[in-house]
Amino acid sequence: MERDKNFILGVFDDEDVLLNAVTQVRNSGVKIQEVYSPFPVHGLDEVLGYKRSRLPIAAFLFGMLGTTLALTMQFYMMKFDWPMIIGGKDHAAFPAFIPVTFELTVLLAAFGMVGVFMVSSNLKPWGQVRIFDLRITDDKHVMAIDLATNAGIGEEKLAEVLKLSGATEVNKKSFE
Amino acid sequence: MQVTSSVREPLITGGKTLKDVTHDISRQVEGKPSMLWLLALLVSVGALALGFIALAATLWEGIGMWGLNKTIGWAWDITNFVWWVGIGHAGTLISAVLLLFRQKWRMAINRAAEAMTIFAVICAAMFPIIHMGRPWLGAYWALPLPNTFGSLWVNFNSPLLWDVFAISTYFSVSLVFWYIALIPDFATIRDRATGLRKVIYSGLAFGWDGAAKTWSRFETVSLILAGLATPLVLSVHTIVSFDFATSVIPGWHTTIFPPYFVAGAIFSGFAMVLTLMIVTRKVFKLEDYITIGHIELMNIVIIITGSIVGIAYITEFFIAWYSGVEAEQYAFVNRAFGPYWWAYWAMMTCNVISPQLFWFKKIRTSIVLTFILSLVVNIGMWFERFVIIVTSLHRDFLPSSWAMFYPTWADVGVYLFTFGLFFTLFFLFAKFFPVINMFEIKSIIKSSSTKEAK
């Protein structure tokens, strides 16, 4: 059987039941493809075993880039390219450069991080998405289990594990 | 000793379920617009069109259309600029600062408050751009672009240039923060829709999948953006206040300006949020999400920031006296008892006295009185900026240059234009975007709804 094509879906009504169910299902040796929710469920990424996101690092690096660019730009323009005496101060009036440096740091950190988030989560205008169940943006949590990945366990057994863990419905979904 | 906390007041009333939340908020996006909404939009577009005449006249004829003279070079334009930027601050405070403090009551109002921020900043940015006189050349004056003069760069020592960077960063970061949070809610509407609406909202929803991995990243991004937006919002009004504080005009040249301006900005912003939300909750029947409790909490923020502003006014007077600088003393006495005494006392009444009424629980939980006082506060905050700007300028260093400022129809018209723009954008937002953050409300249904509390 081909991977990433045929899924068995456990539908959950309650986020606390879902959190327990994820642990239970994973303990019984089943590999969960992904869990889809209408809202962020706290602790879900931990029970699924996801690593902490590295997006803060991206934000920091882009922020540093912003600081560097802003300072380089201002010192180059004000001190070297066209020095002018303004208010009797030094050409390289560092305290006066702080506001623009701060703003550009924030700007690049925010845009850089959001850009990385968009790329890593494949978010783009009219982006195509596989919808397992239309209710996952309404009121249901859906646990998707790839039948091919868990071929050794068998469909009936998977359905049973899902039911036992508290799923209110067990459905099947295939993608072309 | 065991301490047990009393049950918190529920944030969502009416025993709502997850499905109810989706339904209640998506309903107004999907339904036919009501007559009331159409009427409101018509009035806003009318104001926009009328104001456009003044805007066009100003661009065609030049800044001479305004009531400015050689003594008072800044008046309504910069007053309106600071007023609009200030209003914007509440949105960021609600969505970013209250997120960092984990205040869950923000969830019902953050979406609309951020929309208000974005539209208010657009209105604010209009004024310095129009005041350039030839805005099509403005990019060379405001941005460090290579040019044929050398290149002769912009002056990075000038607070007006810092403002360019502050306002544009503030606008773009707020826009991104707002849009990121809209994506999951657009996906909800996408998944309910058919036909053309599905095509449009699929585009807006950016292919959102709702996966645990995506949510985990989403939460990280929201938290970091909130962390970035918090110092950003403080920096923006600080830099706006530098426009005045770094000059040597008596009445402007004070170190109290940054904190005083930030407090004033939050004060007027919350008043505008209240004005808008009281109308929105009524028109879209959202009383179960934006409760009296929410209104009361916002009124408490108004008491605090209003009191800070009041203390700042008194401190300015005290320091003017204590400094022994005659020009400074004259500037403040002239403010209160000179030809613009009426503006000063309008400001004092609206900003210092009226918010103190919210100490009475009856008043801060009354919708009608809150609505009236929210308008009063915004009138007061407009006068504050007018008083600071015009009364400090109108008594020039030479008595022969002393003058008065009288607004022309073009001053009034350009201000009207921004009102039209603001309300047109807000009403379009309220109809076509989910006005309440659905996914955040859903995440607190279990802990904060009346259904579960029973």
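How much area do chain A and chain B bury between them, and what share of it lies on carbon and sulfur atoms? The two chains bury about 5,300 Å² between them, 70% of it on carbon and sulfur atoms; buried area is the accessible area (1.4 Å probe) that two parts lose on being put together, summed over both. Pro40(A), Glu103(A) and Thr137(A) supply 12% of the area that chain A buries against chain B, more than any other three residues.

The model is predicted: local features need pLDDT of at least 70, side-chain atom pairs count only at pLDDT 80 or more, and totals for chains, interfaces and linings use all residues. Residues are numbered from 1 along each chain as its sequence is written, chains are lettered from A and ligands numbered from 1 in the order in which they are written, and side-chain values use heavy atoms, with hydrogens and water left out.

**The interface**

In terms of contact (heavy atoms within 4.5 Å), 62 residues of chain A meet 55 residues of chain B. Between the chains there are 23 residue pairs in polar contact, both residues at pLDDT 80 or more. A polar contact is a pair of N or O atoms within 3.5 Å; within protein, one must be able to donate a hydrogen and the other to accept it, and residues adjacent in sequence count only if both atoms are side-chain atoms. On the side of chain A that touches chain B, α1 (15-27), β2 (34-36), α2 (44-47), α3 (55-81) and α4 (94-120) each supply at least two residues. Helices (H or I, at least four residues) and strands (E, at least two) are DSSP runs, numbered from the N terminus. The most is given by α4(A), with 17 residues. By residue class, this side of chain A divides into 41 nonpolar, nine polar and twelve charged; Ala, Val, Leu, Ile, Met, Phe, Trp, Tyr, Cys and Pro count as nonpolar, Asp, Glu, Lys and Arg as charged, and the others, Gly among them, as polar.

**Salt bridges**

| Residue | Partner | N to O distance |
|---|---|---|
| Lys19(B) | Asp138(A) | 2.7 Å |
| Asp14(A) | Lys446(B) | 2.9 Å |

Asp14(A) lies in the loop between β1 (6-12) and α1 of chain A and Lys446(B) in helix α16 (residues 438-448) of chain B, so this pair joins two chains.

**Annotated spans and backbone**

An unreviewed UniProt entry places the feature "transmembrane region" at residues 57-76 and 96-120 of chain A; such annotations may be inferred rather than shown by experiment. Residues 57-76 of chain A are 100% helix, with end C-alpha atoms 28 Å apart. Residues 96-120 of chain A are likewise 100% helix, with end C-alpha atoms 37 Å apart.

The peptide bond from Gly150(B) to Ser151(B) is cis, with omega near 5 degrees. Ser151(B) belongs to the loop between α5 (138-142) and α6 (159-192) of chain B. Asp4(A), not a glycine, has a positive phi of about 60 degrees, and is found in the segment before β1 of chain A.

Key. A salt bridge is a side-chain nitrogen of Lys or Arg within 4 Å of a carboxyl oxygen of Asp or Glu.
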